[in-house]
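Reader: I would like to learn how to read a few features in a structure like this one. Please take me through them one at a time.

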Amino acid sequence: MGCGTSSVKDRKSERVLKAALVIQNWYRGYSARLKARQRYALSIFQSIEYADEQGQLQLSNFFSFMLENYTHVYEKDPEFVTRLFGTTGQDDKDRQDYLGLIDIPDSYSGPRLQFPLTFTDIDLLIEAFKQQQILHAYYVLEVLFESKKVLKQMPNFTHVKTSPSKQITVCGDLHGKLDDLLLIFYKNGLPSGSNPYVFNGDFVDRGKNSIEILMILFVSFLVYPNDLHLNRGNHEDFMMNMRYGFTKEVLLKYKLHGKKILELLEDVYTWLPIGTIIDNEVLVIHGGISESTDLNLLHRIERNKMKSVLMPPIPIDGDHSTDLKKNKVGTTTMPQGIRTNGSFSEQLTKHEWEQVVDILWSDPRGKRGCYPNTNRGGGCYFGPDITSKILNRYQLKMLIRSHECKPEGYEICHDGKVVTVFSASNYYEEGSNRGAYIRLGSGTAPRFFQYQVTRATCSRPLYQRVNIIESSAIRILKERMISRKTDLIRAFQLQDRNKSGKLSMGQWAFSMENILGLNLPWRSLSSHLVTTDKDGNIDYMSSFQDIHIKKPVKEVQSTLIETLYRYRTDLQIIFNIIDSDHSGLISMEEFHTMWKLFNSHYSVHIDDSQVDELAERMDLNKDGSIDFNEFLNAFHVVHKFDRLHESDTQLA
């Protein structure tokens, strides 16, 4: 009887074990599928982010093209040329020019800083920003002037010493995410003489609190200049700020004095160090390296001459000293007849400029060698052999860089010699990624600390978080598709020789990649983008069934609408630069001239008369000028399920 009972128990245990294994296998598969969906969503976000950066670099080429072809630009707006290619001239402006006419009213209830700054001011600022208070423009400008004064005394690379008892914390991109910075300080402590930090660039853009992050970092830097180190990233650049949100943030928060703040910031950016070297062993730079990276040269260059990474030195034929002619008032004459105030002597050489671009824009890859960074359009991809070569050449052991969002907040590659650290959690979407920071000291292994700013993220199960990330990624991908609708339909129809309206999966995927160039797993994404029949063939027009671009004027051709929507950010930047008085208006003549140049440089196959007619229709009060921001914002994508999407997000 005892033996029988034992046998029954054994069989029960066996069944329980088998059931547990079945559940375990199912859950592993389920988790793997969710993780795969999350990876695909992140690949969409990253591919589109990099494609936008390519567009930004193409835009910088346009400005060079414009100066070569728009010979009247100097006469119409000399400030425009100087702003893009000349020196900022801030040294010629007294601090009083900025601060003299700014009063702090008694009614101001925000933080009041006391110069010289102390630890109390850091604490005051943080508490004020937690309460969503705005620092007065007077204090912002004071902090920027003081920071510039100290930064000008610093070398291109800051050399730092640590010990096992005094470790240093390295943080990556923050991108305007104040909550991440505050969480880092909460977990790791505020900067101090015994708690040093390196912030490795990209403090601004994308997030909504870039100016608050800058102020906390600069005030901390002024209090502890030997213990808080700031490296320049590729977003510490006024051209990048125009596209990715920081310019708009400053002008919104500081309506009266925003322009002054932005002008001064352009100059402050140029004085930020370009790297940090810890214990003569660890190189900390924002992007990466190339096979030609020359740290000796980078230590010597005049970094303040790099006004924007996106504006390469203007090429001058022949010898630099003989081709430049000086007129009576001391301005430099360009070969094409455009003059700027002393800009050429204030430029880096092309080789120096390329060196800085490489360390701010490059990314590591597993493939050996060094080859162009085709995704971003700037810098290079460098393999493990390049890492070993450069580190060995300068007796270094490790490269810490940022510049790329990583799902876990950090990533180690190249046999442990390259570490990527990214400190902006929820970068693409809530729940999309963790943030991280690194602590390291002499004689100790680096330690990684991960976190994620949570409001609703923690309470949501994984499948809901993945659904939110995935739906957001598919949404922006469909917007990219609708902006190329005409081109995609043409490509589909070329493949559809039978005029059936259907393509095989391979044909559809080929056409999508050929037109959009995003290097995405189209087959895996097809279920989210198109309708497939029982034979596996794709109804290619279903790609556009739940989305369209709203036309401000019904009679306008679809190809023109798509083109203006696709290039709306570029056009907005161009017009904002031309609009030196920030009125938001440009004349019809300026609009026509700029469009013709844009059309020519970008090889846009749109008849000029169509754009002219549309612009005239948008000149509602017929005064000969148009509000270009309103003009471009008139083209927006309408999603069929917008309201449903919003409800799902609230319920999830």
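Reader: Which residue in S13 is the bridge partner of Val284?

Author: A word first: this is a predicted model. The bridge partner of Val284 in S13 is Ile400. That bridge belongs to the pairing of strand S6 (residues 282–284) with S13, which run parallel and are joined by three bridges.

Reader: Which residue in S15 is the bridge partner of Leu399?

Author: Leu399 has Val418 as its partner there. S13 and strand S15 (residues 418–421) are paired in the parallel sense, again over three bridges.

Reader: Which way do the residues of strand S13 point, and are they buried or exposed?

Author: In S13 (residues 398–401), Met398 and Ile400 point one way, while Leu399 and Arg401 point the other way. All of them are buried.

Reader: What do the buried residues of H15 pack against?

Author: They pack against strand S11 (370–372), strand S12 (380–382), S13 and S15. The residues in question, in helix H15 (residues 384–393), are Ile386, Thr387, Ser388, Ile390 and Leu391. Just after H15, Gln395 has a positive phi of about 55°.

Reader: How do H17 and H18 cross?

Author: The axes of helix H17 (residues 485–495) and helix H18 (residues 505–516) come within 9 Å and cross at roughly 145°. The crossing is right-handed. H17 contributes Asp487, Leu488, Ala491, Phe492 and Gln495 to the contact, and H18 contributes Gln507, Trp508, Phe510, Ser511, Met512 and Ile515. By class, the contact has seven nonpolar, three polar and one charged residues.

Reader: What describes a pair of aromatic rings?

Author: The distance of the centres and the angle of the planes describe such a pair. The count for this model is 22 aromatic pairs. One of them is Trp26 with Tyr30, a stacked pair at 5.1 Å centre to centre with 10° between the planes. Both residues lie in helix H1 (residues 2–69), four residues apart, about one turn of the helix.

Reader: Which kind of pair do Phe422 and Tyr427 form?

Author: Theirs is edge-to-face, at 5.0 Å centre to centre with 75° between the planes. Phe422 is buried, with a relative accessible area of 1%, and Tyr427 counts as buried at 10% relative accessibility. Ring pairs also link Phe45, Phe422, Tyr427 and Tyr428 into a cluster.

Conventions: Residues numbered from 1 in each chain as written. Predicted model: local features only at pLDDT ≥ 70, side-chain atom pairs only at ≥ 80, totals over all residues. Heavy atoms only, no water. Axes fitted to C-alpha atoms, helices over the stretch in contact; angles between N-to-C directions. Helix = DSSP H or I, 4+ residues; strand = E, 2+ residues; numbered from the N terminus. Left-handed = near helix turned anticlockwise from the far one by under 90°. Contact = heavy atoms within 4.5 Å. Nonpolar A, V, L, I, M, F, W, Y, C, P; charged D, E, K, R; others polar. Buried < 20%, exposed > 50% of the residue type's maximum accessible area, 1.4 Å probe, protein only. Pairing = 2+ DSSP bridges. Phe/Tyr/Trp six-rings, centres within 6.5 Å; stacked < 30°, edge-to-face > 60°.
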